[in-house]
Amino acid sequence: MSQPTAPADAGWLWKRSRRLRAWRRRYAVLHPDGRFNFYRREPSGSDAGDLRANFALSSEWECARAPEAHKLLFSFVIVGPESKVFLGAERAETTARWLRALEKQCDRGAGAAASVASPLLAATAPPPAASE
C-alpha cells in the first residue's frame, strides 16, 4: 500500500462563497497532482475534515492578487475555465506563499499574476477620464 504524498501547501484561508459572497474560514490543501481541496476543519488521520469544495488545477488556471475583494484580508483570486474563486489570508506573507505555490502548480511563471491582474481588476477600476 502506497503512502499518501505530502501536500504542496496546506493551511487556513478565507474563501468567499459564490452565491452569498460570504467569507468562510476553510482549511485549504494543495496537492502535488493539482487537487485543491477546502475543508470545514483540518483533516487528520481517519477524519476527512468535512470536504466543502475541491478544484482540479491545471495550466488553464491563473491567479492574481485581488485587494478589492476584501477590506481586511490579503485577498487573491484563482480563475479557471468555469470558476472564479476568491481567497484571503490574514497575513501578506501567507498570501505570497499561496500565490507562489498556486503559480507553480498551474505551471505558470512569475508573469502570470501580472497577465491576469489587469482583466480581473479592470472590472472594479473606475472608468478612464474622458479626453477633450
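User: Which residue stands opposite Leu30 in β3?

Analyst: In this predicted model, Leu30 faces Phe36 of β3. The two strands involved, β2 and β3, are antiparallel and share four bridges.

User: How many residues lie between β2 and β3, and what is the phi of Gly34 in the turn?

Analyst: Four residues separate the two strands, which make a hairpin. Gly34, in that turn, has a positive phi of about 100 degrees.

User: How should I think about side chains along a strand?

Analyst: In a regular strand, side chains alternate between the two faces of the sheet.

User: Where does β3 pair on from there, and over how many bridges?

Analyst: β3 also pairs with β4, in the antiparallel sense, over five bridges. Within that pairing, Phe38 stands opposite Ala53 of β4.

User: Is β3 buried or exposed?

Analyst: To read this, count residues with under 20% relative accessible area as buried. Four of the five residues of β3 are buried, so the strand is largely enclosed by the rest of the structure. For the protein chain, 40% of the 132 residues count as buried.

User: In what order do the strands form the sheet?

Analyst: Across the open sheet, the seven strands go β4-β3-β2-β1-β7-β6-β5, with antiparallel pairing. β4 (51–56) and β5 (62–65) are the edge strands; each has a single partner strand, so one side of each has no neighbour in the sheet. From one strand to the next, the twist averages 35 degrees.

User: Which strand does β5 pair with, and how many bridges join them?

Analyst: The partner of β5 is β6 (residues 74–79), antiparallel to it and joined by four bridges. One of the bridge pairs is Cys63 with Ile78 of β6.

User: Which strands does helix α1 lie across?

Analyst: Helix α1 (residues 92–105) lies across β1 (9–16), β2 (23–30), β3 (35–39), β5, β6 and β7 (84–89). Relative to β1, α1 runs at about 105 degrees.

User: How do the elements run from the N terminus on?

Analyst: The chain holds two helices and seven strands. Starting at the N terminus, the run is β-β-β-β-β-β-β-α-α.

User: What share of the contacts joins residues at least 24 apart?

Analyst: Consider contacts between residues at least 6 apart in sequence: 42% of them join residues at least 24 apart.

Key: Residues numbered from 1 in each chain as written. Predicted model: local features only at pLDDT ≥ 70, side-chain atom pairs only at ≥ 80, totals over all residues. Heavy atoms only, no water. Pairing = 2+ DSSP bridges. Axes fitted to C-alpha atoms, helices over the stretch in contact; angles between N-to-C directions. Contact = heavy atoms within 4.5 Å. Buried < 20%, exposed > 50% of the residue type's maximum accessible area, 1.4 Å probe, protein only.
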